[in-house]
Amino acid sequence: MLYKLSVRNIRKSIKDYAVYFFTLVVGVAIFYVFNAIDSQAAMLNVSERTEEIIELMTNMLSSVSVLVSIILGGLIIFASRFLIKRRNKEFGIYLTLGMGKRRISMILFCETLLIGMLSLVVGLLVGIGISQFMSAFVANMFEADMTKYEFVFSYDACKRTLLYFGIMYGVVMIFNVVSISHCKLIDLLQAEKRTEKIRLKNPWFCVLVFFAAAGLLGRAYYMVTAGFSEMQDANYIYVPIVMGIVGTFLVFWSLSGLMLRIFMSMKRVYYKGLNSFILRQISSQVNTTVGSMSVICLMLFVTIGVLCACFSIKNSMQMELDELAPVDIDIVKRLNFDDTDKEVSKKEIEISNLSISEFYDAAGLSLDEKLSETVSVHIYREEGFTMGKSLGDSLESIQNQYLFIQYETPEDIMGLSEYNKAAELLHNPTFTLAEDEYLIVADFQSMAAIRNSVLEKGETVEIFGKTLKPKYTACQDGFVEIGGNHMNTGIFVVPDAVIKEDAVEIEHLLGNYAVDTKEERQKIENEIINATGNVNTEDSLYPALNTRLTISEASAGLGAIVTFIGLYLGVVFLISSAAILALKQLSESADNIERYQVLRQLGADESMIRKALFGQIGIFFAAPLFIAVIHSVFGIRFSMIILEILGTVGMPKSIAATAVILLGIYGGYFLMTYWCSKNVIRVRE
């Protein structure tokens, strides 16, 4: 008997509440897909370094899965509350007919168990199918060979999914039993007749609260954009975050009191069609869900920000690799250790005085045989010529504005001819200088902007006893050290006659491998790496190797990590936000069945009712999204400042991709909610 009732109720729920089952299935599928990445990546032909990156990524995804399970668990409990509320009258009839609360609890127990098993099976099947396509995505990100591709089922991901969702459903079962045990018969029978009272708030007080909220949000927007440089340290970021949270809550609170009064004063709008019904319904919902609307708005804001940031990092790293690492290898070695450091041995000092070529000759490897198109250049430093010194009279004002900069850091100096040699190989512009001129090359825009404010004033500098004036009023784009990001904060390029050879600090040897295939380049790179460790010296004396292969793998790895984690969290946050709104609307539709019946009796036809329902649901979905998008405009500008070193050239594409995901999932939930709500309020025979 109980089993038959449970099966019948499930069939009815599947027809009327597709949102609930769809959310459960999608949640299971997403959980499986992101926990099965390690199994999909295991059969790809990748390098050892890439395997380590994939292992790190899967460990991080496993940790994120704990947070995801908590979010999905809360969503499932919320959905269960909705289903119980929808069926209050049904349970009241059961009690009236003599069925005990224990048996009703058993019905709910069986239903939850069957729903859980059904959603797990369907979700796992969907997840297994999607995970096969994930292999191609992973292979594309890591430029892996897919010749060993085969169908893969991840037992670990399946066990983890069953465990986590089993715990979730277990908690839901307990929650349902407790909920029924505390219900009263009168409350169950009269649940549909109870409605939230619309309490009209003082409009003048709401206006004051709205302006206060606008002021808080305006200040928060300023702090994370134009006023970012005024923050003294990283902890100050919590100030605009708190202001944004409070401001968002106050916006919804004030609008819940103002919206109805504003439209009631607009007679032509308020009394047109079913607008009065729609507006009072929306006002009632917003008035009673200020907290949840604020949370959903913030979740949507986080979703948009996370997705835009992760896509931007991935796109930037891929697009900028050719620009920032145009050669195969950059060997960097510190030169000329002095004998004042008692911890450095005489032999180590002798080794430090070797050039890069001499270093590898001593290690038994001839770079001339392994590399082509090599260029050796040097970085010089002068004691006392620091960044603070180079800023001249502007130092004090810049220090007050940018507190986080290390102003005692020595400046890098290069001779013009050496810089031009490196620039030609790196495909960067070359320059000319007069005897009393200098220029600065930099590609890290924040630091370049600081230096530009000094260059515009024509500040002179003294380098190696020579007074020089700037040739340009802005930094020129360029770099010497290859990498995956824009990280050159500034190199002073001066005439060759100014340079003092005994002030040399660092040597860069740039070049390309004298082979063509990736396998041969990897072989030469391994030989250089092994030769670097053949000389018995301390770590600080080893040359540092920056290679295009390692930069490419590191960029792909970081891009994959942020992309997968961003997608994982972003999609879960988006689904949770949309599902909560959908379930709330379905609950409202179920509560308002009699009201829609009254509208029919008053002469409203089905097209008017459907239009009213569409408008009500549309406004309810659009309100938190609209404010979240406003937050995101300033949030994305802030993220571009933070992510500058990682690159933001792909931000427009990232925004477009985020918009597609947002419209697909959020818009899909909106249409599904409208379709299910029509089914709920339809005329029943």
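Which residues are buried in helix 9?

A: The model is a predicted one, in which local features need pLDDT of at least 70 and side-chain atom pairs count only at pLDDT 80 or more, while totals for chains, interfaces and linings use all residues. Residues are numbered from 1 along each chain as its sequence is written, and side-chain values use heavy atoms, with hydrogens and water left out.

The buried residues of helix 9 are Cys-206, Val-209, Ala-213, Leu-217, Ala-220, Tyr-221, Met-223 and Val-224. Buried means under 20% relative accessible area, exposed means over 50%, and partly exposed lies in between, with a 1.4 Å probe and protein chains only. An α-helix has 3.6 residues a turn, so residues three or four places apart point the same way. On the other side of helix 9, Trp-204, Leu-208 and Phe-211 are exposed.

The length of helix 9 can be checked as well. It runs over residues 203–224, which is 22 residues, and at 1.5 Å a residue it should span 32 Å. The expected span is 1.5 Å times one less than the number of residues. The end C-alpha atoms of helix 9 are 32 Å apart, which agrees.

Now for the chain around helix 9. There are 25 helices and nine strands in the chain; helices (H or I, at least four residues) and strands (E, at least two) are DSSP runs, numbered from the N terminus. Of its 685 residues, 52% count as buried. The accessible surface of the chain is about 32,800 Å², and carbon and sulfur atoms account for 60% of it. Such areas come from the Shrake-Rupley method with a 1.4 Å probe; for residues, only the protein chains shown count as cover. Among the contacts with a separation of 6 or more, 85% are between residues 24 or more positions apart, where contact means heavy atoms within 4.5 Å.

Next come the nonpolar cores. A nonpolar core is a set of buried Ala, Val, Leu, Ile, Met, Phe, Trp, Tyr and Cys residues joined through side-chain atoms within 4.5 Å. The largest one has 97 residues, and Phe-34, Phe-165, Tyr-568 and Tyr-666 have the most contacts inside it. Helix 22 (residues 548–591) gives the most to this core, with 20 residues. Another core lies apart from it and has 27 residues, including Leu-324, Ile-379, Ala-422 and Phe-479. Not counting residues up to four places away in sequence, Phe-34 touches Leu-61, Phe-564, Leu-567 and Tyr-568.

Aromatic rings give another view. A pair of aromatic rings is described by the distance of the centres and the angle of the planes. Rings of Phe, Tyr and Trp (its six-membered ring) pair if their centres lie within 6.5 Å; planes under 30 degrees apart count as stacked, over 60 as edge-to-face and the rest as tilted. The whole structure holds 16 aromatic pairs. Phe-31 and Tyr-164 form a tilted one, with 5.1 Å from centre to centre and 45° between the planes. This pair links distant parts of the chain, 133 residues apart: Phe-31 is in helix 2 (residues 18–35) and Tyr-164 in helix 7 (residues 155–181). Phe-31 is buried, with a relative accessible area of 0%, whereas Tyr-164 counts as partly exposed at 21%.

Phe-385 and Phe-492 form an edge-to-face pair, 5.2 Å centre to centre with 75° between the planes. Phe-385 lies in the loop between strand 2 (371–380) and helix 17 (387–390) and Phe-492 in strand 7 (residues 491–494), so the pair ties together parts that are 107 residues apart in sequence. Both Phe-385 and Phe-492 are buried. Elsewhere, Phe-614, Phe-621, Tyr-666, Phe-670 and Tyr-674 form one aromatic cluster.

Some backbone details remain. Glu-373, found in strand 2, has a positive phi of about 55° although it is not a glycine. Glu-373 counts as exposed because its relative accessibility is 54%. Ser-312 is found in helix 13 (residues 290–324) and counts as buried at 0% relative accessibility. Its C-alpha atom is separated by 9.9 Å from that of Ala-657, 345 residues apart along the chain.
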